[in-house]
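Colleague: Please take me through the strand pairing and one of the helices here. Keep it plain.

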Amino acid sequence: MYRALYRKWRPKSFDDVISQPHITTTLKNQIKNGKTAHAYLFTGSRGTGKTTCARIFAKAVNCLSPKDGEPCLECEICRDAENGALSDIIEMDAASNNGVDDIRDLRENALYTPERCRYKVYIIDEVHMLSNQAFNALLKTLEEPPEFVKFILATTEIAKVPATILSRCQRYDFNRIRTEDIRDRLLHIAQSEGVGLDGDAAQMIASIADGGMRDALSILDQCIAFSENITRDVVFDAAGIAGRDYLFDVLEAVFERDAKRALVTVEGIYSKSKDLQRFCAELLEQMRNLMLIKAAPSEKELVRCLPDERERLAAISNKTSLEEIISKLDTLKESFERLSYSPSKRIELETALIKLCSGQVRQAQPSISEEPPLNRNNVKNPPKNEIPAPKEEQVDFSKLRAEDFKPLREWADVLEEFSKTSPAVSGTLQNSQAYVNGNVMLINAQNEFFLKLFKIKENAFALGEAVKAVTGKTYVIRARAPQTAKDESKEAGKLLERAKNGEIPVETN
Ligand SMILES: [Zn+2]
């Protein structure tokens, strides 16, 4: 019987797991030192190894002769676990068992001592799908678990897991797998399977899979069905990439403001029963690519798409402004969020497309620069060959008063949020402060590299996103770092100087 590659090549020990050394090393050390927790939460996008690591963990804590925190893979426990023949390792898919009764059954069952193992290990996949009642029932078990029970909860959507559950678990964030790691693994597997796979083709599969090993191996499976000698062309045919034209058709229509063409294309997608939410996610991804191509043309590796697709994106990018891309990206993102709970996904998507084609440019995301745009003429007429700065709601800095600025209390939360997307950049904001007044935010940075990094529009955009995620508001952001501290001629600089001198009242509550 044919076994899917991703099953056959699922890693059996921690050392086989790729791109997650921060997790596998910690788990191995815990097992080696007998210091495992009773509940874990594994989070990350699909195909990054959450369930795989949970299974290895379940084997390793029960293995009769573990080696250095790894399961031996030879003892009867390891072998039976591998065959799914061990009643003490229980896997449950919360997507299909999400009710309170399912969790009550689990709780009762958890009270019985393990049959053959040292620990009973419950692996609950897609745990965010549990109902509220089910979460409450689970919480009770997590609060007072029998000492012979361990839980591993896995989720792709951490935001939907209640804080009460999170606080009971050790949390591990799984990275998307690096494209080059996927490529190398594909080449290794193909070689072992006696299948010809050239480097270009492997690279292409890896970039389509976008950080998910399972998707990469499914595509490889499809390719093998086509040919034993896999080249770029085989990948094109097998993975139906030629079929991704509709995505770029819609994107082009949106930037040409051709609502009719966009709607007709979506009609075609709908009639082929394609998932509209997935389509919207793909469209967002390409919109992001457009933004990166426009804002940072030299940073080629940031853009995730195929070479041919890149040409189409570049053509669109040449005909539009960064301001317009960001505005459309914003509109689309809002629609994407609404899509998940909208009863009529089709209407939601069509509305979004009509908005996108109407050409209204909304207030853009905050941009960051070290100086306020005192001379508005420069903003209105940017020098040729330069990307115009995103238009902002007009702010007259000379009218703002330092005493009206208040420290942003959630600044630490913003930095934490920001560090999730841009850890290196957020590091340069250590010991910084932020002050707000209406929709204006002033950041007083302490690190001179700060401004350099923030000249890259993507970083500024990401900070704006983090601010928005935490405060729910969009701000016009101005900042300065030590090397510009002496420049008091600029209004924002003056305000900050006074803020630093304590003239801005600091709230104590
Ligand atoms: Zn073993």
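Colleague: In which sense do S9 and S10 pair?
Modeller: This is a predicted model. Strand S9 covers residues 406-407 and strand S10 residues 433-437. Lys406 has Val436 as its bridge partner in S10. Over two bridges, the sense of the S9 and S10 pairing is antiparallel.

Colleague: Which residue in the turn between S10 and S11 has a positive phi?
Modeller: S10 pairs with strand S11 (residues 440-444) in the antiparallel sense over five bridges. Asn437 stands opposite Val440 in S11. The two strands form a hairpin with two residues between them, and the turn residue with a positive phi, about 60°, is Gly438.

Colleague: Which are the edge strands of the open sheet of five strands?
Modeller: The strand order is S2-S3-S4-S1-S5, with parallel pairing. An edge strand here pairs on one side only, and this holds for strand S2 (89-93) and strand S5 (170-173). The edge strands are therefore S2 and S5.

Colleague: What is the bridge partner of Lys120 in S4?
Modeller: Strand S3 (residues 120-125) and strand S4 (residues 149-155) pair in the parallel sense over five bridges. In S4, the partner of Lys120 is Val149.

Colleague: Why are the buried residues of H19 on the same side?
Modeller: In helix H19 (residues 411-421), the buried residues are Trp411, Val414, Glu417 and Phe418. They lie on the same side of H19 because the arc they cover around the axis is only 120°.

Colleague: Which residues are exposed on the other side of H19?
Modeller: The side with Trp411, Val414, Glu417 and Phe418 holds buried residues. On the other side of H19, the exposed residues are Ala412 and Lys420.

Conventions:
Residues are numbered from 1 along each chain as its sequence is written. This is a predicted model: local features need pLDDT of at least 70, side-chain atom pairs count only at pLDDT 80 or more; totals for chains, interfaces and linings use all residues. A residue is buried if 20 or more other C-beta atoms lie within 10 Å of its own, exposed if 12 or fewer, and partly exposed in between; C-beta atoms are placed from the backbone. Helices (H or I, at least four residues) and strands (E, at least two) are DSSP runs, numbered from the N terminus. The arc is that of the directions from the helix axis to the C-beta atoms.
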